[in-house]
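Subject: Structure handover

Hello,

Here is the structure I promised. Please open it first, then read my notes below.

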Amino acid sequence: MSYFFQIVVSGVVVGSIYALAALGLVLVYKSSRVANFAHGQIIAAGAFITYFLTVTVGMPIFFAFLASMIITFFLAMSVERIFLRRLIGEPIISVIMVTIGLGSIIDGLIYLTPFGTENYSFPTFLPQAPLTLGGVSISWTQLVGVIITFLLIGGFSWFFKKSTVGISMRAVSDDQFGAMSVGISVPRVFGLAWATAGLSAAAAGCIIGNITGLNFDTLHSFGIIVFPVVILGGLDSILGAVVAGIIMGLIQQFASGYLDGNWGLNGTGDVMPYIILLIILLFKPHGLFGVHEIERV
Amino acid sequence: MENNLLEVNNIEVVYNDIIQVLRGVSLSVPEGSIVALLGTNGAGKTTTLRAISGLLKPENGAIKEGYIKFDGTDTTKMLGTDVVKLGSVMVPEGRRVFKHLTVNENILVGSITRKDGSRKIREDNEMMYKHFPRLSKVTNRMAGYSSGGEQQMIAIARALMAAPKMLMLDEPSLGLAPLLVKEIFDNIKHINKELDTTIFVVEQNAKVALAVSDYAYIMESGKIVLEGSSEELQDNPDVKEFYMGITQGGGRKSFKDVKSYKRRKRWM
Amino acid sequence: MKNKKVLFLNALLVIAVMFAFTATANAGGKVYKLGMSLAITGPTSDAGNPYAKGTEDYFKFVNETKMLGDDTIDCTIRDDQYKTDITKRNFEEYLDEGIVMYLNYSTGSTLGLKRDFEEEKIAVLPASYHAGNLDDSNYIFLPVASYSEQLVALSEYVVKNHKGEGKAKVAFFIHPSAFGRGPVDDAKKAVAAGLNMEIVEVVEHGKDLDNSAMLKRLMSKDVQYVLSHTVQSPVATMLKDSSRLGLTAGSYGEAGKLTFLGVHYTGGNDLIALAGDACKGYVWTCSFNLTSEKNDGTTKQLALAKKYGRDDKAANSHNYAAGIMVAQVATEAIKRAKAAGLEINKENLYTTLNGMNGKNGYSPYTTIGPVTYSKTDRAGVDMLQIYSVQDGAFKKVGQPIQSEYMTKIK
Amino acid sequence: MSANKWLATGNFFTTYKQEQRTFLTNLDQSFFTFFLVILFGWPLLFELSNKSMLVIDNILIAIVAVMGLNLVTGFAGLISIGHAAFVGIGAYTVASFCRTIGDSHIIITHFWPLLIIFSGFMGAAFGAVVGLPALRLKHLYLAIATLSFQMIFQWVINFMSFFNQGQTIFVGRVFWFTGKVGRKDHYVFWYFVILTVVVILGFGIRNLLKTRYGRSLIAVRDNDRAADAMGMNPGLTKVYAFALSGFFAGVAGALHAYLYRGVGFESFTLHESIGYLAMAIVGGLGTLNGCFWGPVAIKFLDLKVESLAELAGQYLPSSMNLATALKPFTFGLVIVLFLMYEPRGIANWWRIAKSYTKMWPFRY
């Protein structure tokens, strides 16, 4: 039984990290209807900046973490400014391809640094001993990761629900012209959406980097891994991202816990999310929490 | 009319560098009044409004000639956000409420450009429900599910949240039942009195618009063809015929009336 | 007028520069073309990158120190992003240029181009030590013992040093690819041939963030040893998970805990960098000298790295050593062919490599044993050194070993 | 018909039939024939290195694949991020035959044209199945559904022992009337084969777009509800589009398998799918000649950057991974620049050049 509970706990932990990684995608999509395929690269950049600040510059890791979030905040904002602003109103394929191209450009830039090909790991700053409760254990790194995830997600939910700026970001996604007419600066909202996405990406990068070590390939592949999560959650719902993230985490852990090694199956954890996603999309084409178009005819 | 809040002087607007929509439009809106801009479909009313509120750019339009002055500031080259900050807010055609936001969120969004503290905003927010009691029952419903009339009220309330000096309405009567149209225009008049907000309304429904407004302009093919105080215009036979559907004899207008084409020409 | 003048001057400059280059390229004696295609980017770049640096530096060193007299080696190094298609393109281009020996990298492309190697009759030194490279092929020379041999040797090590009653129960933790799966069958054959251990499970890992479930499952099946054959990053995650779950053995073979061991690409400094303290006690096989153990070879390696301005990370990597090693073998083959008065071409280098055995074995400074090739044995260094992590560095454990069962199962 | 059969000096069509002719003027026709003769003739006159031939063959295969992608993404407006998987289906159809009957069985070595066509139909079958979600899904959701297919394909290939777990499955050398095609003639031989395929399929697309079905594709792209109202069946059209695109991809895959004489999973990854999309966009979505420009441009860029990086690498500090960094960087930059400044792709330059020559000496 403790095996089962361990899988559940691991699933939730992994799932909430997925949720955090997915958050950035949701934020961007929510306001500007852009699916960002360069998110993985921003995640990686955030993690490497933190590493650079702690190890090379020598900042305390907590400050480095914050600083890296701030840096990616502005980085993502300028990315939006330079590349995506011109594409407002272009067809979806152009926008998808621009983010793919962008990802490729960032790849190239990261390959210019040693981070592109070599492995690093964050200095340890948390207790190494695990927290164990009734045969189920969780590491401090994971616990802190989950806490940060929920803090950030809670913060963003509040921001979108209660603050005027947050509401206006949602308003832009609803009706750009209407938003402009009440004085919302649409470009600024887009910039802000990217910036907050960058911020959350940095957080995700640091947490993932703490768990897997810093390897560019592993880190940036998260940009793709979280797509099923985002789609399952319904693209523009933060709550959806959390629920879908945890569902996907559980599916993965259960798949690798119960399917792998039996009946000649292996690596099912990697593919199950996509299969489940396809099945769910057939029944709920807008994901679990996606917005259905409200149409009054 | 010594104290004009809005002054539009001879503007020309061109879309996509090819299509000229406005051919020298001039009008002025005195402070505290209600001014109406009337005209048929495609006359250029909406374009005029967009030019005033700085929203031409998203539609690929540009002001080529003339200037617009609001409250003493030249706003010809300004963008929407800055115009709103100056205190001129538009309620766009077709309401454009945010469908997936609740009614209250819709109203709150309007205050985005304000810098005078959250307490004041909260007060204004409550005020809106006094102006539009209908909305107070549905504050937490998704705006997309509201009826057309409610949506129009939401849109007006949203615009008022910016505490504007001037409120511009683009065809508030569009697609609404006559009773609702009346309610909306009563609201408009009320707002003008209570909040001392100048109102500039674009309408096709000349009868209602002339009833509430102080002064009115009539547009056709990108030009102002007639202007005057609302009482005057109400009595103008041409206006009566073309915009209110009343013939000289007082009966309903008939399609058999072939003279209309000639008469229309005389204005230009 | 002024523009024209500037244009003219520029054109002159370009021509001058071009001449300068052709001049330097033609200086000296013969030029032997070599080609190398490897993954500097892509899935295994962390290994490919230092590997490429090693090869590049050593050939530069050969040319600068005139190791081949006036003759020079011109080795083109290209990135193939771990894609067989690109490798093939690179290989065809090298052939067009007339290379005399080919240096390859990935398991996938080595297997995929095997037939081309046969048809072209060109000697190939891959970075993949996959045993399948040797099947139906005569031209692929593994620099060191195959993965299979390493895994079997490691299994033998487990059996020999098994603490506790009964059979040693092991699990394999492998990369989900041809590279990972290759040696598992051989290990199974060794067990069938009488190796006293039980393979409880073969785990092909995915991109897991958390291996707790897997580790607990292995524990519930009484697994005592986990032998990995993959790249560092998944091993690091697993080691971290195991250590936080308190499942890692404090000392080698501790009962009721997991002892982790691994083959060539699972270890090295990168593992320490990724896993930190969690990799304490990790046991690893490698045929290269590590810079954490000072000796003559590693001193030379570090000197080479310093000469060409490599950072510490590359200099101390065993992949850097591996890169140097293939360059050394290639250079040595050319040297010997020259000494024997043979023309330097594909055929002669192939025969020279095949004659590299017995007292003609070649001992490069990067490996722990001599490189020997013959018609029947095309795995270079047959010795394996066991290393284990102590105080944040890999340290030697005992003397180099050699697999016994590998010969039995063939 | 225009008075002048050689030079179009304006639009003189009086019937739709005239407008639908493959060649508008005799000049077009002779020019095209001349061009084809050159394409088929030059390898007989010059001898290129194997590498160059391989690159050219590779470009031609990419053209076949991109034509398929353009059908579904350019003409029907359905974004597919799983095109490489369809190409993979074709290649693995050939590979499956090799696995079951041996790679030098007579079916594989002698009846290869049939096998290539069969692979196309396999691709079409999978295309239709993957297209089914298109009945319900739109835009990004559909794109992700194709992405899922890509991932599932990769997993299946990578884990099933029947597919050799992603390792190369060899394909034997084929026979032609002249006997076995040896290593020396391999690339030239396949050049002719693939070029023939490209010409046939190119005409196929060109004619397809003039049929009712081709027009309904475009109608569905522009507005599927309106198309529905016009009596077209948008769902069925979308599934058709996927199936047709799968056919092209399947053919491309089979050609790939024969050209490289082996099938390994690295050639059909997500990265390749993105590459195909990039080619389609750089060439010009929704245009036929874009299908030719795109692959040529992207593949040449790749090669040029490689040699440039090599050159630059000699003068820069060795710690910089310039060669590796430049490739993804330029690839991304080209996509981004095209989308920002020439979203209609190279095909648009072609169009401008063509209309310029047609109107000459007048500007409009």
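A definition to start: buried means under 20% relative accessible area, exposed means over 50%, and partly exposed lies in between (1.4 Å probe, protein chains only). This is a predicted model, in which local features need pLDDT of at least 70, side-chain atom pairs count only at pLDDT 80 or more, and totals for chains, interfaces and linings use all residues. Residues are numbered from 1 along each chain as its sequence is written, chains are lettered from A and ligands numbered from 1 in the order in which they are written, and side-chain values use heavy atoms, with hydrogens and water left out.

Two loop residues

B:D71 counts as partly exposed, at 37% relative accessibility. B:D71 sits in the loop between β4 (61-70) and β5 (73-74) of chain B. Helices (H or I, at least four residues) and strands (E, at least two) are DSSP runs, numbered from the N terminus. The phi of B:D71 is near 50°, a positive value in a residue other than glycine.

C:K66 also has a positive phi, near 55°, and is not glycine. Its place is the loop between α2 (45-64) and β2 (72-79) of chain C. C:K66 counts as exposed, at 53% relative accessibility.

How the chains meet

Contact here means heavy atoms within 4.5 Å. Four pairs of chains touch, and chains A and D have the most contacts among them. Chains B and C do not touch; their nearest C-alpha atoms are 36 Å apart. Chains B and D have no contact either, with their closest C-alpha atoms 16 Å apart.

The A-D interface

Here 47 residues of chain A are in contact with 41 residues of chain D. The two chains bury about 3,800 Å² between them, 80% of it on carbon and sulfur atoms. Buried area is the accessible area (1.4 Å probe) that two parts lose on being put together, summed over both.

On the chain A side, α3 (61-84), α4 (92-112), α10 (222-233) and α12 (268-283) each supply at least two residues. α4(A) gives the most, with 16 residues. The chain A side divides into 31 nonpolar, 12 polar and four charged residues. Ala, Val, Leu, Ile, Met, Phe, Trp, Tyr, Cys and Pro count as nonpolar, Asp, Glu, Lys and Arg as charged, and the others, Gly among them, as polar.

The nonpolar cores

A nonpolar core is a set of buried Ala, Val, Leu, Ile, Met, Phe, Trp, Tyr and Cys residues joined through side-chain atoms within 4.5 Å. The largest has 297 residues, of which B:F200, D:Y92, D:W190 and D:Y258 touch the most other members. A second, separate core of 114 residues includes C:A123, C:F172, C:A275 and C:C286.

Leaving aside neighbours within four places in sequence, the contacts of D:W190 are D:D57, D:W112, D:I116, D:V174, D:L255, D:Y258 and D:L259.

A:Q253 lies in helix α11 (residues 238-259) of chain A. A:Q253 counts as buried, at 1% relative accessibility. Beyond its neighbours within four places in sequence, A:Q253 is in contact with A:I7, A:S10, A:G11, A:V14, C:D210 and C:A213.

C:E204 is in strand β7 (residues 197-204) of chain C. C:E204 is buried, with a relative accessible area of 6%. A polar contact of 2.9 Å joins the side chains of C:E204 and C:R181. A polar contact is a pair of N or O atoms within 3.5 Å; within protein, one must be able to donate a hydrogen and the other to accept it, and residues adjacent in sequence count only if both atoms are side-chain atoms.

Best wishes
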